[in-house]
2 protein chains.
Amino acid sequence: MKGLGVTGGAGLAYGAMSTLGLAPAAAGPASFRPLAAGDLIGTVTGEHSVVVLGGGPAGLCAAYEMRKAGYDVTVIEARTRPGGRVWSIRNGTEETDLNGETQKCTFSDGHYYNLGATRIPQNHITLDYCHELGVEIQGFGNQNANAVVNYTDGPLAGQSTTYRAAKADTFGYVSELLQKATDRGALDDVLTPEDKDALAEFLSSFGDLSSDGRYVGSSRRGYDSEPGAGLNFGTEKAPHGMEDVIRSGLGRNFSFDFGYDQAMMMFTPVGGMDRIYYAFRDAIGMENIEFGAEVTAMKNVGDGVTVEYRQGGERKSITADYAVCTIPPNLIGRLDNNLPADVLDALKAARASSSGKLGVEYSRRWWETDERIYGGASNTDRDISQIMFPYDHYGADRGVVVAYYSSGTRQQAFESLTHRQRLAKALAEGAEIHGEKYTQDISSSFSGSWRRTRYSETAWASWKGASYSGTEATPEYEKLLDPVERIYFAGDHLSNAIAWQHGALTSARDVVTSIHQRVAKTA
Amino acid sequence: MKGLGVTGGAGLAYGAMSTLGLAPAAAGPASFRPLAAGDLIGTVTGEHSVVVLGGGPAGLCAAYEMRKAGYDVTVIEARTRPGGRVWSIRNGTEETDLNGETQKCTFSDGHYYNLGATRIPQNHITLDYCHELGVEIQGFGNQNANAVVNYTDGPLAGQSTTYRAAKADTFGYVSELLQKATDRGALDDVLTPEDKDALAEFLSSFGDLSSDGRYVGSSRRGYDSEPGAGLNFGTEKAPHGMEDVIRSGLGRNFSFDFGYDQAMMMFTPVGGMDRIYYAFRDAIGMENIEFGAEVTAMKNVGDGVTVEYRQGGERKSITADYAVCTIPPNLIGRLDNNLPADVLDALKAARASSSGKLGVEYSRRWWETDERIYGGASNTDRDISQIMFPYDHYGADRGVVVAYYSSGTRQQAFESLTHRQRLAKALAEGAEIHGEKYTQDISSSFSGSWRRTRYSETAWASWKGASYSGTEATPEYEKLLDPVERIYFAGDHLSNAIAWQHGALTSARDVVTSIHQRVAKTA
């Protein structure tokens, strides 16, 4: 990749418009501009090399962008595949976990699940990279009115209620209660008569209230027998009682998909989330990536960084002008390194966390045929936490259900188990929600726990002392935003979108920008 | 199609299990069972002929099921395409409407919109037919947090607010108000202290309330600047004020997708809704369907029904044992017929209604690149009612937006206009919602109004005096459920799912069952 023109003191020029059409329309040639979403990076002059440690989202994005700008880039990746924690499990996937157990996936052709990242919000830069790399996307069912909630506590313990019914009942009673309170004048100091009229109109619609302001059930809940033609009006399901609904906390998970990152529409690549990173790999070029290369040392050495690694039984090393280290923070301290003590301490503040999934291939799509659930997830307070239904192959004769996606202590209940034990526990809990059919027609299964997965040993970073207010950073986090001489850290752990690809990609872009600015200054 | 075995007084037997796998597992050979979802019909003995008037969902479903059962079937369809009001508009679509205007669609290859039915709920039998006929389906975006509401009344008149922000604010203030009322003891006669605790927990989560029970904004609303890596925390959008939110009725459309038929997940065939009816056509066989055949007469004639039609300038007629008439009720009275006066009166009670759409192809997917809207619809009280964004070709360089889908009086504001006038009005209203870009980068457009569409002249039936309670029928509706001698009426207008394919398909199945039972009795 060559520069298309150089001018100005910064030694940088924006290239000609990309054929991808994403370059800024009127970029000044003499001034540096940080990357914006989808921008091309300017092109560097001279020869500058970068070694990227890790071939997950952050590493591949950094490598891709630096290559666009004319850097000589080498990616060192321990695994034999790109994507890191973006990992689609399909026929042929084989892995030995840190419990010492080896699993080999035997799902039918075309069927898979994503053991890591599985959905993309509309606002995330991940979609821009799908666009730029030509990765086809499809809708991801992040909520489904026909999926169920089933909790083990409260008056409705152990009962499965569809989301549509749980929402109808909850919104119905909440509306009835607020209507009653305003009718009684309880909020007359807050609401004018005009406000009350407008609110009443909303509550009537929101809660599907009767003309006298009560919730007495709703067709929104669904039917015991489906309405059809002629005089087949169907039989509406009867509502739960108000106290049962409130005390059972049927609405405890409703706000999940109000979240900025979880609200529909959500998207995912056709064929698996890892398609994005195979596309990055192809764009970067296999000749610039070392797979199966386990880093053992990373050291600043005067005007460069030397990285040592093992590959195919050989010891190798590479020295480059800069390093972008995307190795998980919990693993960096194990490398032979010359990082300062305060940096090593800061890395320790990014604590490991637990998360994992188990995928079950069924030879019958009972969730579609028997329960009319096409995608989305059922929710529970059991250790499995949720059951995610496949968002592809609708109407096929088989499919892969994610029988749990849990994190924290709920995942810890699984991660030390053998796969067979995990499966048994997942099926037992799932059967309490979806019935005995949950344990039948199973072809095969595959599970993974990120804490027990080599080269990760964590699901995502949990920053010691972080407020999660989204408006401040811990000192350790801030410390790692600065390079250590010529070593730069990148990854979702250094973003405000931890556990999202967006976080990894924006972190990579920030680091690329920093290196690029530094090179420009010294050019 | 031949019978696979006959036994018992009813003269009917279920065939061998279908290769489609949808036959009942243990069907008694001697007793007739009405069709159930996805069942095969039993096979008839002897020769029995049926003429089906109309090649829309009801007509093609009836023909398909009767052919499965061994009847000799002929479909007479005025149009040169299958599907009726299921009509996908794509390159080459040409139509002269009842205003006398001819439009020819010049959308780019692969781009289209559905002028009629466009979405399928999970519970509808339409999905079973997709499955049975091998029609591939995909998710349909029926709601989108990034689409906007924009109303012309109230304190926020003319302002576009994303659904995510409108929901966050509305749910936030509703939760705050109810929390305040219960804190004041206004509902202590209805709620126990334990209920209040459980409700408070829900409201805190549902409304994203502060620890003191107030709504002070939420990240759910979205950001003015997107959060990213490092210290880029993003800038949360500030909430609207409580009175503004309540008085503006920002939540007036929230309950739309709580509806039984509108709740996500929703589906649609890949490539256009009409794919279902091309699949029906292929399964029925072109040799059994007369396209471009306009029915002029339908008469009971002793032991049969004679239908006259014009096709290619010729007058033709066909006599069959039975007729299934799926012609819209508003058009049947125009046929040369010998229907009794009370039936003709009953048909008049199914009054015509207005609905239509206008599709605009843009050469730039500004809704995705500029507004991060991938599918779903914006909502307004203007005549356009809603703007529907495409659910396919995500990330492509062009796409078709449905610039209005309105009905009733709002559609009447469009239906008498020329296409050019419709487009101008649609763009003017849409630009008030999505800005000037709404009027730019337009490649072509195509509109249709069902009231002005030949062979339909209505969007759907509006039954005079119907309560829409969903639990009772008008006398006229009931009258038409009975055959007139050997003429049977079918269509979504004779169902509890008017304007849905499910209504047409279940009505057709009911009629097929009725004819089949009658034949069985007389065999």
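This is a predicted model: local features need pLDDT of at least 70, side-chain atom pairs count only at pLDDT 80 or more; totals for chains, interfaces and linings use all residues.
On the side of H2(B), the residues involved are B:Thr126, B:Tyr129, B:Cys130 and B:Leu133. They meet B:Ile276, B:Ala279, B:Phe280 and B:Ala283 in H6(B). By class, this contact of H2(B) with H6(B) comprises 7 nonpolar residues and 1 polar residue, with no charged residues.

As to geometry, helix H2 of chain B covers residues 125-133, and helix H6 of chain B covers residues 275-284. Their axes lie 10 Å apart and the packing angle is about 50°, which makes H2(B) oblique to H6(B). The crossing of H2(B) past H6(B) is left-handed.

I turn now to the interface of the two chains. How many residues does each chain bring to the contact? Chain B contributes 84 residues, and chain A contributes 84 residues. Between chain B and chain A, an area of about 7200 Å² is buried, and carbon and sulfur atoms give 60% of that area. Across this interface there are 8 salt bridges. The side chains of B:Asp195 and A:Arg247 also form a salt bridge, at 2.7 Å from N to O.

Finally, some remarks on the backbone. In chain A, the peptide bond joining A:Met264 and A:Met265 is cis, with omega about 0°. A:Met265 belongs to the loop between helix H5 (242-248) and strand E13 (266-269) of chain A. In chain B, a cis peptide bond runs from B:Met264 to B:Met265, with omega near 0°; B:Met265 sits in the loop between helix H5 (242-248) and strand E13 (266-269) of chain B.

A:Asp208, a residue other than glycine, has a positive phi, near 50°. A:Asp208 is placed in the loop between helix H4 (193-207) and strand E11 (223-225) of chain A.

Key. Residues are numbered from 1 along each chain as its sequence is written. Chains are lettered from A and ligands numbered from 1 in the order in which they are written. Side-chain values use heavy atoms; hydrogens and water are left out. Axes are lines fitted to C-alpha atoms, for helices over the stretch in contact, and angles run from 0 to 180 degrees between N-to-C directions. Helices (H or I, at least four residues) and strands (E, at least two) are DSSP runs, numbered from the N terminus. Angles under 35 degrees count as roughly parallel, over 145 as roughly antiparallel, 65 to 115 as roughly perpendicular and the rest as oblique. A crossing is left-handed if the near helix is turned anticlockwise from the far one by less than a right angle, and right-handed if clockwise. Contact means heavy atoms within 4.5 Å. Ala, Val, Leu, Ile, Met, Phe, Trp, Tyr, Cys and Pro count as nonpolar, Asp, Glu, Lys and Arg as charged, and the others, Gly among them, as polar. Buried area is the accessible area (1.4 Å probe) that two parts lose on being put together, summed over both. A salt bridge is a side-chain nitrogen of Lys or Arg within 4 Å of a carboxyl oxygen of Asp or Glu.
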